[in-house]
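Subject: A structure for you to look at

Hi,

Here is the structure I promised to pass on. Could you open it and keep it in view while you read the rest?

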Amino acid sequence: MGTLSHVLGCPAPILPGIVQLSVICRLDEGALYPINQQVLGLRLPRAELRGHLRVWWPPMPPGTVLGREVMESGSQAAPGPGGEHWWRQREPFSQAGGNEPLCTGHEISHVQHLSVLPSRLPLAHAPTAPSASPNFCLVAWLVLNITEETPSEGGMDYRVPGAVSNGETVPAYPGTEKEEEDQTLERGQWNNKLEYVLSVAGEIIGLGNVWRFPYLCYKNGGGAFFIPYLIFLFTCGIPVFFLETALGQYTSQGGVTAWRRICPLFEGIGYASQVIVVLLNFYYIIVLAWALFYLFSSFTIDLPWGSCDHEWNTGNCMELQKANSTLNVTSENATSPVIEFWERRVLKISDGIQHLGSLRWELALCLLLAWIICYFCIWKGVKSTGKVVYFTATFPYLMLVVLLIRGVSLPGASQGILFYLYPDLSRLGDPQVWMDAGTQIFFSYAICLGCLTALGSYNKYHNNCYRDCVALCFLNSGTSFVAGFAIFSILGFMAGEQGVPIAEVAESGPGLAFIAYPRAVVMLPFSPLWACFFFLMVVLLGLDSQFVCVESLVTALVDMYPTIFRKKNRRETLILLVSVLSYLVGLVMLTEGGMYVFQLFDYYAASGMCLLFVAIFETLCIAWVYGAERFYDNIEDMIGYRPWPIIKYCWLFITPAVCMATFLFSLIKYTPLTYNKKYVYPWWGDTLGWLLALSSMVCIPLWIVYKLSTIKGSLRERLHELTCPLEDLPSMPGTGQPLPSTRAGLLTLTELESHC
């Protein structure tokens, strides 16, 4: 624990630690300003000042401003330190989890304690400006957490803001001059609760609900898949979803710095999640490029995948409407025009990953358009994201209902729904079924990606994140369940037309969305119109998931380096660089062999065992290192009550145990990746996939070794230091109250001891 020694007029080195000091302020024309603003700022350009903010001041008329925030008339009167009634306002500078700068060159994100007490200026230090009346002098007490050692620069400045000294005018609003010079921007915040809810809903409700969940049901025994799915939902999905969201809201930080503040030893969890997000940004948006290609192909009278009269069709192509009346083509060698359009027109798929072939320039232009849309959805941070999700998160539901109604009205739909609901319990002995259930929960809920932490960090401190998380989890799973009815009703119809089992109707993987659904659209009246609506829905489903992932990555980088990126136009530039790099890497997946590369990323990078690995360490860190009870205290301070105790026990025992068992089970029963159940990847293809998976998982142990080897002391001392949370968290664990202040004076500095 460091101390701060700063005598009047005598500069001294400033060490990290908790310090307490007083600041002389004055009341001038209804505004409260610090007179010794150099003391308030301490001239620490690299220091981070965080904690809670509480402000007390004598009764003042409405409209009086403190710093830059107008005192609301709804402030409460409360007994002051001397028994008289004072006005109290909590966190008057609260914006995006932080506070307006109170001094030159500083952004005080939080202050652990600030109380304004009446006092008269000592004559020796009274300002010369006539507007500074000693009758309105106040003394503000602050408790600051200095997180980085920084030498002080010069003595204190007692000049009154707005006065002229030696021909130099002191700014009337402290901090304005420096802010304009550095263009330091505030951390954003949601304008209202609905923006947050829609943003999270848009992130978690995406393509996985439309084509991944129904495909996993079809692959893993129909309704039998619900058993492992529900087990993972209640033991892993909801607890970890709530953990990450509450962590972001409590720390007001992104996916990396949130873990740094909770437990520096496990900061590698944040890096692991961001590596997964980087890989996800490379390949997830490829689906949007395919959907845009289908969307543009729908602007015609006759849909190109509805007939066999095109140059890419083969002699075995058979329009299904004519199959029953045609005798010279059997179901064994007949192919659908929908499948031929997907494989021979869109993908032009090669015979293996070793033959990438040429770049599909039409798809490259669609991918470029997708990245341009994604960029402008988030380039202004939550200000733009919060507005876009009003449309992107709601419109897909309208189209899903329309397609569900049309699907259940088709002949043969009941057979598909029966296959969807009837469980094949023998499939539960396959570890891949449990692996798919776990990864579907983690992938669909955006768990272990840092996205929930980033979105939660823009919440207000006292937002009821517990209620939001439970509602959003049930909304997500309910959407997946309903989407299964829509797609299996169509599969039943298609199987009846072809006279084959339902399991043989559709392609596996993302081809389900580009084969089964387009086939259903052909059956609708005015099919081009419905095709446009459907693929617009697919684009919007994937778009908000994509730009939220990019937003979480950018949030993590900005919070890691706020002095670099939290400046005018720098955030926009950072998003542009991320978009350009991701676009260039994604071009590899738009070659003729790109589908094989895409499936490598999908199988290993973001939806594989790496998500389970990260979840194990997340729960162990919060429950056993930081403390589940302590985290429950923090949550109670935020939402006003303690959540259901079962979630705490999930963090402690059930979630890490289930994730560990599934992780080990999948390792033991690992099977190499295949495409369409026919193509087997070469050895170097599987090696590349394992490197993608390990690139994220190794971040956690490597960071632990790195931190332990770079600090001094015995092993026990190093572990103690690295497992204690930083003191710049919003409040001391277990309390929502500020640290006490008992004395008033001109300048008093006190060392506050902190115990982990």
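Below is what turned up in it, going from the whole chain down to single residues.

First, some housekeeping. This is a predicted model, with local features needing pLDDT of at least 70 and side-chain atom pairs counting only at pLDDT 80 or more, while totals for chains, interfaces and linings use all residues. Residues are numbered from 1 along each chain as its sequence is written, and side-chain values use heavy atoms, with hydrogens and water left out.

The chain has 25 helices and 16 strands (DSSP runs numbered from the N terminus: H or I of at least four residues for helices, E of at least two for strands). Of its 756 residues, 59% are buried (buried is under 20% relative accessible area, exposed is over 50%, partly exposed is in between, with a 1.4 Å probe and protein chains only). Among contacts (heavy atoms within 4.5 Å) with a separation of 6 or more, 80% are between residues 24 or more positions apart.

Now for a helix pair. The axes of α21 (residues 609-639) and α23 (residues 683-697) come within 9 Å and cross at roughly 15° (axes are lines fitted to C-alpha atoms, for helices over the stretch in contact, and angles run from 0 to 180 degrees between N-to-C directions). That is why α21 counts as roughly parallel to α23 (angles under 35 degrees are roughly parallel, over 145 roughly antiparallel, 65 to 115 roughly perpendicular, and the rest oblique). Where do they touch? Met609, Cys610 and Phe613 of α21 meet Trp690, Ala693, Ser696 and Met697 of α23.

Next, find Asn476 in helix α15 (residues 465-498). Is Asn476 buried or exposed? Its relative accessibility is 0%, so Asn476 counts as buried. Its side chain makes a polar contact with the side chain of Ser444, at 3.0 Å (a pair of N or O atoms within 3.5 Å; within protein, one must be able to donate a hydrogen and the other to accept it, and residues adjacent in sequence count only if both atoms are side-chain atoms). Beyond neighbours within four places in sequence, Asn476 also touches others, including Ile204, Ile205 and Tyr445.

Last, two loop residues. Most residues other than glycine have a negative phi. Lys348, between α8 (337-347) and α9 (361-378), has a positive phi of about 45°. Asn569, between α18 (562-565) and α19 (570-586), has a phi near 70°. Lys348 is partly exposed because its relative accessibility is 39%, and Asn569 is partly exposed because its value is 45%.

Cheers
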